[in-house]
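Reader: I would like a close look at one part of this model, with its surroundings described residue by residue. Please keep to what can be read from the coordinates.

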Amino acid sequence: MTATPNEPQPGSGDAAVAAAAERAKITRERNVPEFDDLPGEGDTANLRLGPSLDDACLSLLPLVGVWRGEGEASHPSLEETFRFIQQVTISHDGRPFLMYSSRAWRLDGEGGNVVAPAFRETGFLRPQPDDTIELMLMHSTGVSELFIGQPRNTTTWEFGTDAVLRTPTGEDVTAASRLYGVVDGALAYVEERATSEHELQPRLSAKLDRVAG
């Protein structure tokens with residue numbers, strides 16, 4: 001079949017722009033909730049709204065948004081593999097860092113119904129002048145991780161832990177790595193973790209669709 005000159009083709013730059021525009025019809029007006037009685041401008045996960053993104057964060061621009069989807073958790077330290085749904089919010093307030101917040105819920109064996117809350121994470125992404133990125137995460141399991149990373153390209157970022165701190169009752173974690181990528185408008189990631197008894201092994205993976213931003 002011969003294409004007309006104005007028809008975007010799969011895999012072309014025009015097709016990618018058209019697909020992004022179609023997705024944005026749903027997400028472009030949505031943002032993180034905020035209280036309107038606080039001083040100054042609130043946090044935003046929508047680059048069309050709120051304060052301008054600081055130039056230092058331009059290499060992380062594709063990550064800004066609210067993302068939601070499903071993933072899988074598996075690790076020798078876990079009794080069994082399980083699926084989860086997750087929401088990740090990456091926002092900013094105009095300063096040279098991004099805020100990161102993640103919530104997850106465990107799904108049943110068929111992967112359809114929520115059975116319990118799962119892991120929670122909160123932290124910051126701090127890009128540096130030499131293109132490295134500091135990712136600081138705190139976990140509800142009593143673990144704090146400092147990752148040092150860098151972009152692989154304009155839509156992929158790789159991180160490895162420089163330090164791990166645990167509370168006396170915290171989860172057994174000695175090291176971790178993460179790989180994030182934005183592909184066809186979705187945020188995908190893989191995390192590996194090591195414990196005192198296991199070397200780095202896959203722990204989490206997920207593909208999240210943009211729901212705001």
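Author: This is a predicted model. On its surface, Glu34, Asp36, Asp37, Glu41 and Asp43 form a negative patch. One of these residues, Asp37, sits in the loop that runs between helix 1 (13-27) and strand 1 (65-73). Asp37 counts as exposed because its relative accessibility is 61%, and the cut-off for exposed is over 50%.

Asp131 is not a glycine, yet its phi is positive, at about 80°. Asp131 is found in the loop between strand 4 (114-127) and strand 5, and with 53% relative accessibility it is classed as exposed. Asp184, also not a glycine, has a positive phi of about 50°. The loop that holds Asp184 lies between strand 8 (175-183) and strand 9 (186-194). At 70% relative accessibility, Asp184 counts as exposed.

Ile133 belongs to strand 5, which covers residues 133-139. The relative accessible area of Ile133 is 1%, so this residue is buried. Leaving aside residues up to four places away in sequence, Ile133 touches Leu60, Leu125, Arg126, Pro127, Phe147, Ile148, Gly149, Gln150, Pro151, Trp157 and Phe159. Among these contacts, Leu125, Arg126 and Pro127 fall within the range of strand 4 (114-127). Ile133 and Glu158 are 25 residues apart in sequence, and their C-alpha atoms are 9.3 Å apart in space.

Notes:
Residues numbered from 1 in each chain as written. Predicted model: local features only at pLDDT ≥ 70, side-chain atom pairs only at ≥ 80, totals over all residues. Heavy atoms only, no water. Patch = residues over 30% accessible without salt bridge, like charges linked within 9 Å, V, L, I, M, F, W, Y side chains within 5 Å. Areas by Shrake-Rupley, 256 points an atom, 1.4 Å probe, with all protein chains shown as cover. Salt bridge = Lys/Arg side-chain N within 4 Å of Asp/Glu carboxyl O. Lys, Arg positive; Asp, Glu negative; His and termini not counted. Charge placed at Lys NZ, Arg CZ, Asp CG, Glu CD. Helix = DSSP H or I, 4+ residues; strand = E, 2+ residues; numbered from the N terminus. Buried < 20%, exposed > 50% of the residue type's maximum accessible area, 1.4 Å probe, protein only. Contact = heavy atoms within 4.5 Å.
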